[in-house]
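Let's learn to read a protein structure together, one question at a time. Have the picture open and ask whatever comes to mind.

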Amino acid sequence: MELSEFKAGLDAWLDENESALAPPEGIEHLDQQMVRLSKVKAAVYDAGWMRWGWPEAVGGLGGSTLLRAYLGAALTERGLVEPGIYSMTEVLAPTMIDYADPALAAEMVPRLLRGDETWCQGFSEPDTGSNLGSLACRAVRGPDGWVVNGQKVWTSLAHYAQRCVLLTRTGTLESAHRGITAMFVDMDTPGITARPIESMHGHPEFAEVFFEDVVVPFERTLGQEGQGWSVAMDLLPFERSTALWHRAAFLHHRLQQVLDVAPDGALDPAKVGEVTQLLYAFRARSRGTQWRLHRGETLAAETSIDKVLVAAAEQAVFDLAEEALAEKIILEDDGPAERWRSEFLYSRAATIYGGSSEIQRNIIARRLLDLGNDR
Amino acid sequence: MDAEDLELFSRSIRHAAEAAGGSSGFDAGAFDASLADLGWHDAVADFPRESISTLFSIQGETNATSSALHRVVAWALTGSPSAPGAILPRLGSWQPPAREAGDQVQVNGLANTALVEAGEVTVPVATAGGANRSATVTVGDLQLSPVKGLDAGAALVRATGSVPGTDAKSNEGDWANAVRIGRLAVGHELVGASRGVLAQAREHALERIQFGQPIARFQAVRHKLAEILIAIETADALLDAAWLDGTDVTASMAKAAAGRAGRLAARNGQQVLAGIGFTEEHGVHRWIRRILLLDEVLGSSRTLTKDLGSNLLASRQLPPLLPL
Ligand SMILES: Cc1cc2nc3c(=O)[nH]c(=O)nc-3n(C[C@H](O)[C@H](O)[C@H](O)COP(=O)(O)OP(=O)(O)OC[C@H]3O[C@@H](n4cnc5c(N)ncnc54)[C@H](O)[C@@H]3O)c2cc1C
């Protein structure tokens, strides 16, 4: 399947089917968003579109990763999915394909693609944010598998999820990143409690997750024991490639809406110009990344630049929205106002999640500028 | 041009730029002559993107000077690779540097020393009706004064005066295209110059010891350098996009981003180089001077950004997005 053929086919299909999949006017609560995400994924999966760009071994139809980039952007631009919750597919499916036992990947990945299931990513802990190598959630060998005890936090969608890609400490704490093991955990295993956390933007997007003597079969190990750090490091470039292309589509959509609704004189032309340049620069950068992925190149530290740029662009777009619509965002409570407010607030997290902008600069200094260790 | 040819081409240009440098300053005439020998001007017509991006990046990175920008603008304006180098607009402006006034053509723009020696220049002319054309003018008919200013190394010459319109051989001219291509060329030069500053600041950060360790260990220093790289990559991505989509608006965004990257490289680079970077001897000041000059050529980052914003607020319509 060529990209041009895919584009034409998908666009035509969406023209015909989008009205049945479109959200209602105004704000939609996360429960509803999750329901609609599943509905949209099932529809595009059953029509075949969602299967392109994924290997046949996991229920895909093969073809370039560019097809996935195009699909997610098209769904986002039409407002059919919210790119944050959609992105879990792009982040977690490649990890399963690369590190899970092939039979397990073949069984599970189609469920994620089709929207039958939600998965989450359990990395951060109360004492482990930026310093991922210090994580402490323990897994020890038991008779029937790993026995996990500990806590994760800020785990997006954990309270909706059927599965979790979990990082655990199997070595000593001193072994730092060498003593980490990744595993694929069923969220309904006895001993797991996920408690949603209310967040600033009004949607309980993430949760704290407690593990008490949770048994995870050894076959669920992703990669080898002690290889968890590599699993995590290989996952991060995915978090900064296809998923970010989708985010650019969303930001473009919203920036156009800012232009549509901004009252005359509300915006400083120099700022409008700069935000547009930033967003278009991010898009150009990300396009290069999509093509490198398509050519099979290994993505690594240079995607930190993509992450810094998308975060800057996202905050700039919503800063502009807040300037254009100050009264609406600050004082009003109707659906559209609530949505602008929620997205403006959510944009504040763009420089925090997925590795903070400071951490990205550390990576750029260390890996791309080769400045040596910082201590 | 395949990857291997491009690599060879790029190496030859870099070699020529290095050969033209020396203790007595950069020999722009020698560099121009090498470019002619390498067939660079013909290559521009056949492989515009490769030739322009390669030369101007290297020119920026090595702080070289040539008449290449004047030649590229003349080619983009007239379609002829052998057209004499063009007079550029006054600093900050992107209007043609000449206009019709009665039966005269009034010129006020920037040439450079090589153009003066060549004897003839291409003059972009705004016509009374609002269209544009180009004229070939004998250098002797213009008043010329060499510019020292902030960046004497740029070898610019201010060119003014009125020439009889009848003496000026007139052609069609696509000025918008000349501005677009000129901005891409200057954008690449700015990115190259920013990389030049970054390389010098990086090297210094690794060598300079304070508090018993290389200053490259300090996060404040590391992040300043990382910021430069981010700005450079931002501009580079937009330059890429501008070559791909061929639109004026993307080229203008790319030029603005490149100017901003240059100014950031100058500010952060100078801060990291500190005292030594402030000396005549260190040399980074030459890159900084060039960056400040280039940011103003064919529209500065500040004016282009504001201009884009004003247009968007008037049309209320974002430019088309670069397709996948
Ligand atoms: C909306 C949202 C969704 C999230 N979803 C998930 C998820 O699904 N799964 C998951 O595992 N996690 C998730 N997270 C957690 C996220 O990954 C962490 O918040 C992030 O890694 C930062 O960790 P922290 O909050 O503990 O901050 P800290 O690490 O405590 O950092 C605090 C501040 O110090 C700075 N800092 C820290 N170390 C350095 C350093 N070495 N150099 C310079 N500055 C430094 C940081 O940049 C930051 O500004 C989510 C977070 C948010 C906000």
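Q: What should I know before I start?
A: This is a predicted model, in which local features need pLDDT of at least 70, side-chain atom pairs count only at pLDDT 80 or more, and totals for chains, interfaces and linings use all residues. Residues are numbered from 1 along each chain as its sequence is written, chains are lettered from A and ligands numbered from 1 in the order in which they are written, and side-chain values use heavy atoms, with hydrogens and water left out.

Q: How do I describe two packed helices?
A: Two packed helices are described by the angle between their axes and the distance between the axes. Axes are lines fitted to C-alpha atoms, for helices over the stretch in contact, and angles run from 0 to 180 degrees between N-to-C directions. Helices (H or I, at least four residues) and strands (E, at least two) are DSSP runs, numbered from the N terminus. Take helix α7 (residues 175-207) and helix α10 (residues 284-296), both of chain B: their axes come within 10 Å and cross at roughly 155°. That makes α7(B) roughly antiparallel to α10(B). For the wording, angles under 35 degrees count as roughly parallel, over 145 as roughly antiparallel, 65 to 115 as roughly perpendicular and the rest as oblique.

Q: Is the crossing of α7(B) and α10(B) left-handed or right-handed?
A: α7(B) passes α10(B) in a left-handed crossing. A crossing is left-handed if the near helix is turned anticlockwise from the far one by less than a right angle, and right-handed if clockwise.

Q: Which residues make the contact of α7(B) with α10(B)?
A: Contact means heavy atoms within 4.5 Å. On the α7(B) side they include B:V186, B:L190 and B:V197, and on the α10(B) side they include B:W287, B:I291 and B:L294. By class, this contact of α7(B) with α10(B) has 8 nonpolar, 3 polar and 3 charged residues. Here Ala, Val, Leu, Ile, Met, Phe, Trp, Tyr, Cys and Pro count as nonpolar, Asp, Glu, Lys and Arg as charged, and the others, Gly among them, as polar.

Q: At what angle do α4(B) and α8(B) pack?
A: The angle between α4(B) and helix α8 (residues 219-245) of chain B is about 160°, and their axes are 11 Å apart. α4(B) and α8(B) are therefore roughly antiparallel to each other, and their crossing is right-handed. B:P48, B:R49 and B:I52 of α4(B) meet B:D240, B:W243 and B:L244 of α8(B). The contact of α4(B) with α8(B) divides into 4 nonpolar, no polar and 2 charged residues.

Q: How do helices α1 and α3 of chain A cross?
A: The axes of α1 (residues 3-21) and α3 (residues 65-77) of chain A come within 10 Å and cross at roughly 25°. That makes α1(A) roughly parallel to α3(A). The crossing of α1(A) and α3(A) is right-handed.

Q: What is a nonpolar core?
A: In soluble globular proteins, nonpolar side chains tend to be buried together. A nonpolar core is a set of buried Ala, Val, Leu, Ile, Met, Phe, Trp, Tyr and Cys residues joined through side-chain atoms within 4.5 Å. Buried means under 20% relative accessible area, exposed over 50%, partly exposed in between (1.4 Å probe, protein chains only). The largest core has 116 residues, of which B:F31, B:W40, B:I52, B:F56 and B:L225 touch the most other members. α7(B) gives the largest share of this core, 14 residues. Apart from it lies another core, of 61 residues, among them A:M34, A:V44, A:W52 and A:L113.

Q: Where is B:N63 found?
A: B:N63 sits in the loop between α4 (48-62) and α5 (68-78) of chain B. B:N63 is not a glycine, yet has a positive phi of about 60°. B:N63 counts as buried, at 8% relative accessibility.

Q: Is A:S286 buried or exposed?
A: A:S286 counts as buried, with 0% relative accessibility. A:S286 has its place in helix α8 (residues 269-294) of chain A. Leaving aside neighbours within four places in sequence, A:S286 is in contact with A:S241, A:L244, A:W245 and A:D306.
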